[in-house]
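Student: Hey, I'm new to this one. Can you walk me through some of the helices?
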Amino acid sequence: SLLLEQQTSSEPQEIMTDTAGYSDVVFGLCRLLGFQFSPRIKDLGDLRYWRVQGDADYGILNDVSNHKIKTDLIAENWDDILRLVGSLKLNAVKATDILRVLAPKGSLSHLGKAIAEVGRIQKTKYLLEYISSETLRRRVHAQLSRGELRHALARDVYHGHRGEMRQKFKDGMENQLGALGFVVNAIAFWNTRYMQAALGQIREMGDEVLDEDVARLSPLKWRHINFLGRYHFELLAEVAEGDLRPLKDPNARDPFESIFRD
């Protein structure tokens, strides 16, 4: 639902989750909808690898790919699969409702089992790439780390109730989530502006700034932000005119050093 029902102009092509967030059905639905599903996988040795042809020679993979895809089940349900995918693409039904139809009472329906077979094909292809490509593993891990950092920032911003939403009504919870998202986005935007300014100043000083180092920077940092206490909103004259505040002297003592010293 995050990919199909989002209210933005962006067009995401890939979704990444941790190990607990994937299933054969999710692999199948993402493949059928045209999305790349890239979960971080643990315990690779315990997973099943599937083959389409039972008598095919897969070389060194023969011993591990000993489970066969039920292609007849896919063919039998193909028309229903296409109708379901079309309904999702056109937003005629919600993804959450579809998942309840595919797995009523926790067990896969006949159509759900067919989509799971499609997912097993895609999952096997993904697992083989995941094992053989260190670049893919690093990319997935880096993206999930960014997501986890964003959640950690949100928990610190919403320090009341340990970050838990306790509104009884949907509208109230949506208002809380909207306000929380606004503050988190404001922090990320503020950090980005000043990170760009700091990088520009470093370049002006004649120091080399490597693109690979810049790529590792994250605007989701908040050690310099005090979330507690009273807030006084008054813009400096230069800030009100669109300029940034003076950057910190890199040789100055860090005011947080005594607080965060190990």
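Student: What covers the buried residues of α1?
Tutor: The cover includes β1 (14-15), β2 (36-37), α3, α4 (95-102) and α5. Bear in mind that this is a predicted model, where local features need pLDDT of at least 70, side-chain atom pairs count only at pLDDT 80 or more, and totals for chains, interfaces and linings use all residues. Residues are numbered from 1 along each chain as its sequence is written, and side-chain values use heavy atoms, with hydrogens and water left out.

Student: Okay, how many residues of α1 are buried?
Tutor: In helix α1 (residues 24-33), 7 of the 10 residues are buried, meaning under 20% relative accessible area with a 1.4 Å probe, protein chains only. They are Asp24, Val25, Phe27, Gly28, Leu29, Cys30 and Leu33.

Student: And what happens just after α1?
Tutor: Gly34 takes a positive phi of about 90° there.

Student: New topic: at what angle do α3 and α5 cross?
Tutor: The axes of helix α3 (residues 78-89) and α5 cross at roughly 85° and come within 10 Å. That makes α3 roughly perpendicular to α5, a label for angles of 65 to 115 degrees.

Student: Which residues make that contact?
Tutor: Asp80, Ile81 and Leu84 of α3 meet Leu111, Ala114 and Ile115 of α5, where contact means heavy atoms within 4.5 Å.

Student: What about α5 and α6, how do their axes run?
Tutor: Helix α5 (residues 110-132) and helix α6 (residues 134-157) have axes that come within 5 Å and cross at roughly 100°. So α5 is roughly perpendicular to α6.

Student: Which residues meet there?
Tutor: Tyr126, Glu129, Tyr130, Ile131 and Ser132 in α5 meet Glu134, Leu136, Arg137 and Val140 in α6.

Terms used
Axes fitted to C-alpha atoms, helices over the stretch in contact; angles between N-to-C directions. Helix = DSSP H or I, 4+ residues; strand = E, 2+ residues; numbered from the N terminus. Parallel < 35°, antiparallel > 145°, perpendicular 65-115°, else oblique. Buried < 20%, exposed > 50% of the residue type's maximum accessible area, 1.4 Å probe, protein only.
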